Amino acid sequence: MKKITVIALLLAAALTLSACGTGDNVQVENGGNSSGNSSGTTTAGNNGASGGENNEDPPAEHVPSEEVLAAIEGQFGGAETFTAPDGTEVKLTDAVSTNGYSLTFDFAYMRYAEPIYSDTVANPEIYDFENFEFTVDNQADIDGTAFKVVKGQKLDNGMTVISASYTLGPDGPEMNEIELDGEITLEGLLFCYFEEEYGFDQDEVIFYPNPKTGTVPVIYPTTNNSLKTLSGIDLYSEFAFICDGGFLRLGSINDIGKSDWFANGSYVRVKVTLSDLKLKHFFAGSSCYATMKNVEFL
């Protein structure tokens, strides 16, 4: 802790001196969660760990505030760094703000979804509807690589980071948030919660992307960094799937579409154009949103 205090005093002195399928397309209006779009280009199959381009000028040398230094001294027991999700060591004095307990940084961590997607339309053998079980591992481990992003950075899918924030508490990461500008077109599945369930509103629509059809941005978890595939089953229509990439909340079916989209099954295969992606992970799990601009049924 003495080292941090000495650094702070030296920096303060320096500042003082210097101061001297159907093919039908549906246009969706007023759907989703916010505004502000710009055109982007998706790149199918490019799921490496590259963070894309960073168009921002190199930042000036960061000087921690007195409040940040006090929080480090009072809450972090003299620690000087923490290990970030990408494996690098980050100085606690890089924090840009504090609430007196936690530290907030002006960057975040994400990954690209691995190209994992399979369903019973293309591969009927992945699920046994007589014995009600997957014939393959539907909770397989994923070797997802995290990378750091900052405001102004352009991702491999053409989208641009417009805000990034990472919050660290004395007991570990608390919040990881990213907002993206631009559009991305992906194939995947729509699902609607017609009844209210824990964590979801009644009539809420979610989208499971197929990462084989584009580069899907995924927020990196702040807790339990064990990454697993997701899966779903509809016994009524005898449909099942497995994928990587999480899911995105699109809003109420009453605002973005029609309930009869789901007349023939719980999951609807679609191609959608999305914008306004907001990706967040905190202690309760992921909470990721997007605006659906267009939908084509497959």
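In which strand is Ser-118 found? Ser-118 belongs to strand 8 (residues 117-119). Strands here are DSSP runs of E, at least two residues long, numbered from the N terminus.

## Basis

This is a predicted model, in which local features need pLDDT of at least 70, side-chain atom pairs count only at pLDDT 80 or more, and totals for chains, interfaces and linings use all residues. Residues are numbered from 1 along each chain as its sequence is written, and side-chain values use heavy atoms, with hydrogens and water left out.

## Ser-118

Ser-118 is buried, at a relative accessible area of 16%. Buried means under 20% relative accessible area, with a 1.4 Å probe and protein chains only.

Leaving aside residues up to four places away in sequence, Ser-118 touches Asn-123, Ile-126, Ala-240, Phe-241 and Ile-242. Contact means heavy atoms within 4.5 Å.

## Strand 13 and its partners

Strand 13 (residues 160-169) is mostly covered, with 7 of its 10 residues buried. Strand 14 (residues 172-181) runs antiparallel to strand 13, joined by 9 bridges. A hairpin through 2 residues links the two strands. Leu-168 has Pro-173 in strand 14 as its bridge partner.

Strand 6 (residues 103-105) is also antiparallel to strand 13, with 3 bridges. Phe-105 stands opposite Tyr-166 there. Strands count as paired if DSSP finds at least two bridges between them.

## Aromatic pairs

The structure holds 21 aromatic pairs. Rings of Phe, Tyr and Trp (its six-membered ring) pair if their centres lie within 6.5 Å; planes under 30 degrees apart count as stacked. Phe-82 and Tyr-166 are stacked, because their ring centres are 6.1 Å apart and their planes lie at 10 degrees. Phe-82 is in strand 3 (residues 81-83) and Tyr-166 in strand 13, so the pair ties together parts 84 residues apart in sequence. Both residues are buried.

One aromatic cluster includes Phe-191, Tyr-208, Phe-241 and Tyr-267.

## Charges over rings

The charged end of Lys-148 sits over the ring of Phe-107, 4.2 Å from its centre. Lys-280 lies over the face of Phe-282, 5.2 Å from the ring centre. The cut-offs are NZ of Lys or CZ of Arg within 6 Å of the ring centre and within 35 degrees of the ring normal.

Key. Phe/Tyr/Trp six-rings, centres within 6.5 Å; stacked < 30°, edge-to-face > 60°. Helix = DSSP H or I, 4+ residues; strand = E, 2+ residues; numbered from the N terminus. Buried < 20%, exposed > 50% of the residue type's maximum accessible area, 1.4 Å probe, protein only.
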